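Here is a short briefing on one protein model. Please keep the sequence and structure in view while reading.

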Amino acid sequence: MSTGIRNPFNKTVFWLTQVMLGAVLFLQPGLAGASSLTQGTPAGRPFDSDIEQPAPKPASAVKKLAIVIDDLGNDMDGTQEIMKMPIKLTVAVMPFMPTTERDAKMAHERGFDVLVHLPMEPNHGKPEWLGPGAIMSSLSDSEVRTRVEQAIDNVPYAVGINNHMGSKITADPRIMSIVLDVCRERGLFFLDSRTNYKTVVGKLCKEKGMPDIGNEFFLDDQYNQQHIIQQMHKVMNWMKDHDSCIIIGHVGVPGTKTAGVIRSSIHQMPKDVEFVTLSEFVRERNGDPILRGILP
Ligand SMILES: [Zn+2]
C-alpha cells in the first residue's frame with residue numbers, strides 16, 4: 001500500500017544535511033569538547049561473522065553502554081562496517097528510504113536493535129533536507145499521528161524511535177505529546193537525540209510514565225578522526241564514574257571513521273563495561289512492562 005509520501009531525497013542533500021547537523025551539534029553547549037588523548041587505530045581483529053560478547057560478568061559489576069548509530073536506510077558510508085561490528089549495537093533507520101527495509105532486516109538478523117529514525121523539523125535548515133515523511137510544526141495533530149504511524153509501519157522490527165535533526169520539534173510539547181502517545185500505543189520507547197537543550201521530551205516521558213532516555217555524547221559531531229577518538233575517550237572516562245551511558249554516532253560523512261573508532265574501543269573499554277542494545281538498556285533501567293517491543 002502506498003504511504004502517499006514521495007521521496008525527493010538524494011545522498012548529496014543528505015550529506016549536506018549531515019554537515020549542517022554537525023555544525024549545529026558543535027554549537028550545543030556540553031556536547032562537544034576534548035581532552036588530551038592518544039591516537040587510536042582499528043583493532044587488528046578481522047570483521048567477525050557473529051556478535052561476540054566477553055564472558056558474562058557479575059550483574060553488580062557490569063556497567064551498560066548503548067551505542068546508537070543514526071542515519072541508516074540510504075546505504076551511506078560506514079553501513080557495512082557497522083553491520084559487521086562484533087558487539088551489540090542499536091541502529092536508527094530512516095523510513096521511506098532506498099535501503100530502509102534491507103538495513104532494518106540485516107540489523108535485526110545481527111541481533112541489533114532497530115529504531116525508527118524519524119525526521120523532525122530543526123530550528124535551522126530547509127525542510128527538504130529532512131527527507132520524506134518528516135514531522136513539521138505546520139502539521140495538524142492528526143497529520144502528525146498519521147506520519148508517525150506510517151514511519152513505524154515502514155521500518156521493520158523497530159523497538160523505538162529517535163529523532164533525525166528535530167531541534168524545533170523536540171521543544172514542541174503539542175507535537176511531542178502526540179509522537180510519544182503513538183510510541184506508547186505501539187509499545188515503543190523514544191530516545192531523545194539531544195539536538196536542543198530546550199527539549200521537552202524528558203519531561204513528557206516522565207508525565208506519561210515512559211522511559212526518559214537521551215544520549216550523553218555524540219561521537220562524531222565533528223567529522224575528523226581525532227575528534228571522534230577524543231569523544232570515545234570521554235565516554236571511557238564517563239564510565240569510570242557512572243553506571244550507564246548512551247552515545248550516538250552516524251553513518252554517512254563520518255561513517256567509516258566512526259565505525260573504526262568504535263571497533264578500536266571494544267578492547268580498550270574498562271573491563272566492567274558491557275555493550276548492550278538500547279532495549280536492554282531501557283529494561284535494565286526502567287523495567288517498563290508497557291513496552292511490548294522490549295519485553296524479554
Ligand atoms: Zn539523523
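Predicted model: local features only at pLDDT ≥ 70, side-chain atom pairs only at ≥ 80, totals over all residues.

**Overall make-up**

- The protein has nine helices and nine strands. These are DSSP runs, numbered from the N terminus: helices are H or I with at least four residues, strands are E with at least two.
- Of its 296 residues, 48% count as buried. Buried means that 20 or more other C-beta atoms lie within 10 Å of the residue's own, exposed means 12 or fewer, and partly exposed is in between, with C-beta atoms placed from the backbone.
- Take the contacts between residues at least 6 apart in sequence: 75% of them join residues at least 24 apart. A contact needs C-beta atoms, placed from the backbone, within 7 Å.

**Helices α4 and α5**

- The two helices pack at an angle of about 40°, and their axes are 9 Å apart. Axes are lines fitted to C-alpha atoms, for helices over the stretch in contact, and angles run from 0 to 180 degrees between N-to-C directions.
- The crossing of α4 and α5 is right-handed.
- On the α4 side, the contact residues are D141, V144, R145, V148, E149 and I152. They meet I175, I178, V179, V182 and R186 in α5.

**Strand β4 and its partners**

- Strand β4 (residues 158-165) has eight of its eight residues buried, so it is largely enclosed by the rest of the structure.
- β4 runs parallel to β3 (residues 113-120), joined by seven bridges. Strands pair if DSSP finds at least two bridges between them.
- L115 has G160 in β4 as its bridge partner.
- With β5 (residues 189-192), β4 pairs in the parallel sense over three bridges. Here I161 stands opposite F190.
- β3, α4 (residues 141-154) and β4 form a right-handed β-α-β unit. Right-handed means that, with the strands pointing away from the viewer, the path from the first strand over the helix to the second runs clockwise.
- β4, α5 (residues 173-186) and β5 also form a right-handed β-α-β unit.

**Strand β1 and its partners**

- In β1 (residues 63-72), nine of the ten residues are buried, so this strand is largely enclosed by the rest of the structure.
- β1 pairs with β8 (residues 244-250) in the parallel sense over seven bridges. I69 has G249 as its bridge partner there.
- β1 and β9 are parallel and share four bridges. K64 is partnered by E274 in β9.
- Three bridges join β1 to β2 (residues 90-93), again parallel. V68 is bridged to T90 in β2.

- V273 sits in strand β9 (residues 273-276). It counts as buried because it has 22 C-beta neighbours inside 10 Å.
- Beyond neighbours within four places in sequence, V273 contacts K63, L65 and M239. Its C-alpha atom is 8.5 Å from that of D243, 30 residues apart along the chain.
- Q268 lies in the loop between α8 (255-265) and β9. With 12 other C-beta atoms within 10 Å, Q268 is exposed.
- Q268 and H233 are 9.5 Å apart, C-alpha to C-alpha, and 35 residues apart in sequence.

Methods: Residues numbered from 1 in each chain as written. Contact = placed C-beta atoms within 7 Å. Left-handed = near helix turned anticlockwise from the far one by under 90°.
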